[in-house]
Amino acid sequence: MLDAIDRKLIATTQAGLPLVAEPYRALADELGLDEAEIVSRLGQLLETGAIRRIGAIPNHYALGYTANGMSVWDVADEAIAEIGARVGALDFVTHCYERPRHPPLWPYNLFAMVHGRTRDEVRAKVAEIAVLVGPAARAHEVLFSTRILKKTGLRIAA
Amino acid sequence: MRALDPTEKAIINGLQGGFPLTHRPYRDAGAQLGLSEGEMIEEIGNLLARGQLSRFGPLWNAEALGGAVCLAAMAVPPDRFDEVAELVNAHPEIAHNYQRDHELNMWFVVSTDAPARIDQVIAEIERETGLGVRAMPKTREFFVGFRVEV
């Protein structure tokens, strides 16, 4: 579980790491701790998965990846563990989840988000997924977003 | 949009994870990319200033921090679309909402501090709109590299 210092660390780094030569020491100074403790806590939070990764978080849209396709697949339940792992491992898949079906309107149980510069590029990538998945998928579709109705960042209280 | 130069590409492609937990991490990460510590700090600052990076630092996992997240979808009659979008978006727990080209045409993410709140928010939206909400919580997450190649 996270303690009060972890929560402060979250609040202090939500906007990013300080752009100075010794960023962990700068965080330590701000929180009244020493650098070694900051480094050890960040390492542990990475290990437990509370931090997914540390590094550059690209803005897809600003980098020209304006087409966003949610590819959805009806995969046999017994094959989804293996297929999901292989689809998630593709470089261009940014999220990959198993979710419940809602038949008959929604037969799909595997979701893989694909970003591209154009819709055609996204469709070509989805075609690559289709080859990889093969006959394990009974059907698939790509849902493009046609409008962003709301977008707010992750907010975590300190 | 100005094209990215090779240094910017190297930073974006090379640093989407694994930033070192060392005393001088910009120096150590730069050594892998053939850049000095000063160049790294300056280039990352420029990418942030131009909005090409949203952030540089830890990517926190909301669920591991005790929160809950659930994707949900609705089939909204086209003539009610804007009205329903307004009702849905009025909930502060709605983090993202996208229109998509399908009979299920409204897709949003409910994000709450406490897992029990997810079902309450969905029930409120159903009552306010008179429309069914299909909850699509993830039942399994597959590891992704989370990388964009530029």
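Residues are numbered from 1 along each chain as its sequence is written, and chains are lettered from A, and ligands numbered from 1, in the order in which they are written. Because the model is predicted, local features need pLDDT of at least 70 and side-chain atom pairs count only at pLDDT 80 or more, while totals for chains, interfaces and linings use all residues.

**View 1. An open sheet of nine strands contains strands of chain A and chain B.** The order is E5(B)-E2(B)-E4(B)-E3(B)-E5(A)-E2(A)-E4(A)-E3(A)-E6(B), with antiparallel pairing. Strands (E, at least two residues) and helices (H or I, at least four) are DSSP runs numbered from the N terminus, and two strands pair if DSSP finds at least two bridges between them. Strand E5 (134-136) and strand E6 (140-141) of chain B are the edge strands, each pairing on one side only. Across the chain boundary, E5(A) and E3(B) run antiparallel and are joined by five bridges. A:Lys150 stands opposite B:Asn97 of E3(B).

**View 2. Strand E2 (67-75) of chain A pairs with E4(A) and with E5(A).** Seven bridges join E2(A) to E4(A), the two running antiparallel; A:Ser71 has A:Ala112 as its bridge partner in E4(A). The pairing of E2(A) with E5(A) is also antiparallel, over seven bridges, and A:Met70 has A:Leu143 as its bridge partner in E5(A). Eight of the nine residues of E2(A) are buried, so E2(A) is largely enclosed by the rest of the structure. A residue is buried if 20 or more other C-beta atoms lie within 10 Å of its own, exposed if 12 or fewer, and partly exposed in between, with C-beta atoms placed from the backbone.

**View 3. Strands E3 (residues 93-98) and E4 (residues 110-116) of chain A run antiparallel.** Five bridges join them, and A:Cys96 has A:Ala112 of E4(A) as its bridge partner. Helix H5 (residues 119-133) of chain A lies across E2, E4 and E5 of chain A, at about 20° to E2(A). In chain B, H5(B) packs on the sheet and touches strand E2 (68-74), E4 and E5 of chain B, its direction making about 140° with that of E4(B). Axes are lines fitted to C-alpha atoms, for helices over the stretch in contact, and angles run from 0 to 180 degrees between N-to-C directions.

**View 4. Helix H4 (residues 81-89) of chain B has buried residues on one side and exposed residues on the other.** B:Val84, B:Ala85 and B:Val88 are buried. These residues cover an arc of only 105° around the axis, which puts them on the same side of H4(B); the arc is that of the directions from the helix axis to the C-beta atoms. B:Asp82, B:Glu83 and B:Glu86 are exposed on the other side. The buried residues pack against strand E5 (137-151) of chain A, and against strand E3 (94-100), strand E4 (106-112) and helix H5 (117-129) of chain B. Contact between two residues is defined by C-beta atoms, placed from the backbone, that lie within 7 Å.

**View 5. Helices H2 and H3 of chain B pack at an angle of about 95°.** Their axes are 8 Å apart. The angle makes H2(B) roughly perpendicular to H3(B); angles under 35 degrees count as roughly parallel, over 145 as roughly antiparallel, 65 to 115 as roughly perpendicular and the rest as oblique. B:Tyr26, B:Arg27, B:Ala29 and B:Gly30 of H2(B) make the contact with B:Glu37, B:Glu39, B:Met40 and B:Ile41 of H3(B).

**View 6. Helices H1 and H3 of chain B pack at an angle of about 85°.** Here the axes are 10 Å apart, and H1(B) is roughly perpendicular to H3(B). From H1(B), B:Thr7, B:Glu8 and B:Ile11 meet B:Glu43, B:Ile44 and B:Leu47 of H3(B).

**View 7. B:Cys70 lies in strand E2 of chain B.** B:Cys70 is buried, with 21 other C-beta atoms within 10 Å. Not counting residues up to four places away in sequence, B:Cys70 touches B:Val110, B:Ile118, B:Ala135 and B:Pro137. B:Cys70 and B:Asp119 are 49 residues apart in sequence, and their C-alpha atoms are 9.4 Å apart in space.
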